[in-house]
Each structure stands twice: as structure tokens, then as C-alpha cells.
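This report describes the architecture of a single protein chain and the way its parts meet.

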Amino acid sequence: MKLNYLLDKLKSNGYKITEQRKTILQVLTSNNKNLISVENLLDKSKEIYPKTNMSTVYRNLEILEKLSLVYKVVTENGITLYKLVCSNEHHHHIICKKCGRTEAIEFCPINTLEKISKDKNFDLTDHKLELYGYCIDCQSSKNN
Ligand SMILES: [Zn+2]
Ligand SMILES: [Zn+2]
Ligand SMILES: [Zn+2]
């Protein structure tokens, strides 16, 4: 997702583009391939615009979430990680547990499960599926 697209999207939803907001979006855009923690996002934003503060980062993530522009994962350690959504099409992710690298998977295996749900008299409305593992860079160091 391009920075200009995000800025336009926010503007058209009535949000002002402040220096902090732009900085946070800039960091998210350049980190498109990785999930990032709030702390990490704040640190990287400060490198560009030192006045960025934590509450602004949270507020912006909230707005992005409301506009369905950001994707959020809670790790098994309870840490919340964010990244911009890859596309509006339904898809899944494979996520590196160590560095947060994320690959989109276009294939959706849910049809079979949908049928099973019907057999159990459930009307399936939505689902979430993420695959976790170690990316090639992290595989050699996963036991550390
Ligand atoms: Zn995605
Ligand atoms: Zn990794
Ligand atoms: Zn699916």
C-alpha cells in the first residue's frame, strides 16, 4: 500500500494529516512486509520525527483499524503486532515467529470446513487463519 493512498484515504475520512501521522504511516509503509510492535513503530517514527509520542501512535493505529487499513495479530506472548493490510481480498498469512516477516497466502482452505460447519448446523460468517513458523533467515537461529 502506497503512502499517498493512505494519506488520501485518511483525508477523505476527515482526518487531518499532521507531521506525526504522516511519519507513522511512512514507517508502516516502509515496513510493509513485517509485523511491527507499537514500541518498534514508535522508535522508528522518532528517528524520522523525534516529537512522535506513544499516545499518537496508538490513536493512529486505532484509526487505521477502524478504516480496515491495518492488520493486527496478537502473539502467543500477548504482544500485539501490526502491519498494513496487503489487499482487500480475502487472504491468509504465514508469519515468522521470530522477526515478524509476513507472507500473504492467496489460497483459502475454508470451503471444506464450511461444508462441515453446515453439517453441524452452523451458519459460518467469518474466520481467521494464520500460519506460524520461522522464515529462512531465522531458521538457523531458532534454537537460540
Ligand atoms: Zn495480508
Ligand atoms: Zn524471521
Ligand atoms: Zn480464508
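Strands E4 and E5 form a hairpin with five residues between them, and glycine 100 in its turn has a positive phi of about 85°. The model is a predicted one, in which local features need pLDDT of at least 70 and side-chain atom pairs count only at pLDDT 80 or more, while totals for chains, interfaces and linings use all residues. Residues are numbered from 1 along each chain as its sequence is written, chains are lettered from A and ligands numbered from 1 in the order in which they are written, and side-chain values use heavy atoms, with hydrogens and water left out.

**Strands and hairpins**

The protein chain holds six helices and six strands; these are DSSP runs numbered from the N terminus, with helices (H or I) of at least four residues and strands (E) of at least two. Read from the N terminus, the order of elements is α-α-β-α-α-β-β-β-β-α-β-α. Along its principal axes, the C-alpha trace spans about 55 × 45 × 25 Å.

Strands E1, E3 and E2 form, in that order, an open sheet with antiparallel pairing; two strands pair if DSSP finds at least two bridges between them. E1 (36–37) and E2 are the edge strands, each pairing on one side only.

| Strand pair | Residues given | Bridges |
|---|---|---|
| E4 and E5 | E4 92–96, E5 102–105 | four |
| E2 and E3 | E3 80–84 | five |

Eight residues of domain 1 are in contact with ten residues of domain 2, where contact means heavy atoms within 4.5 Å. Between them the domains bury about 710 Å², 45% of it on carbon and sulfur atoms; buried area is the accessible area (1.4 Å probe) that two parts lose on being put together, summed over both. Lys33, Leu35 and Tyr71 supply 58% of the area that domain 1 buries against domain 2, more than any other three residues.

Six residue pairs are in polar contact between the domains, both residues being at pLDDT 80 or more. A polar contact is a pair of N or O atoms within 3.5 Å; within protein, one must be able to donate a hydrogen and the other to accept it, and residues adjacent in sequence count only if both atoms are side-chain atoms. Strand E2 (residues 70–74) provides three residues, the largest share of the side of domain 1 that touches domain 2. That side divides into four nonpolar, one polar and three charged residues; Ala, Val, Leu, Ile, Met, Phe, Trp, Tyr, Cys and Pro count as nonpolar, Asp, Glu, Lys and Arg as charged, and the others, Gly among them, as polar.

**Salt bridges**

How many salt bridges cross the interface of domain 1 and domain 2? The rule finds one there, and a search of the whole structure finds four. A salt bridge is a side-chain nitrogen of Lys or Arg within 4 Å of a carboxyl oxygen of Asp or Glu. Glutamate 103 and lysine 33 form a salt bridge whose closest N and O atoms are 3.1 Å apart. Glutamate 103 lies in strand E5 and lysine 33 in the loop between helix H2 (19–30) and E1, so the pair ties together parts that are 70 residues apart in sequence.
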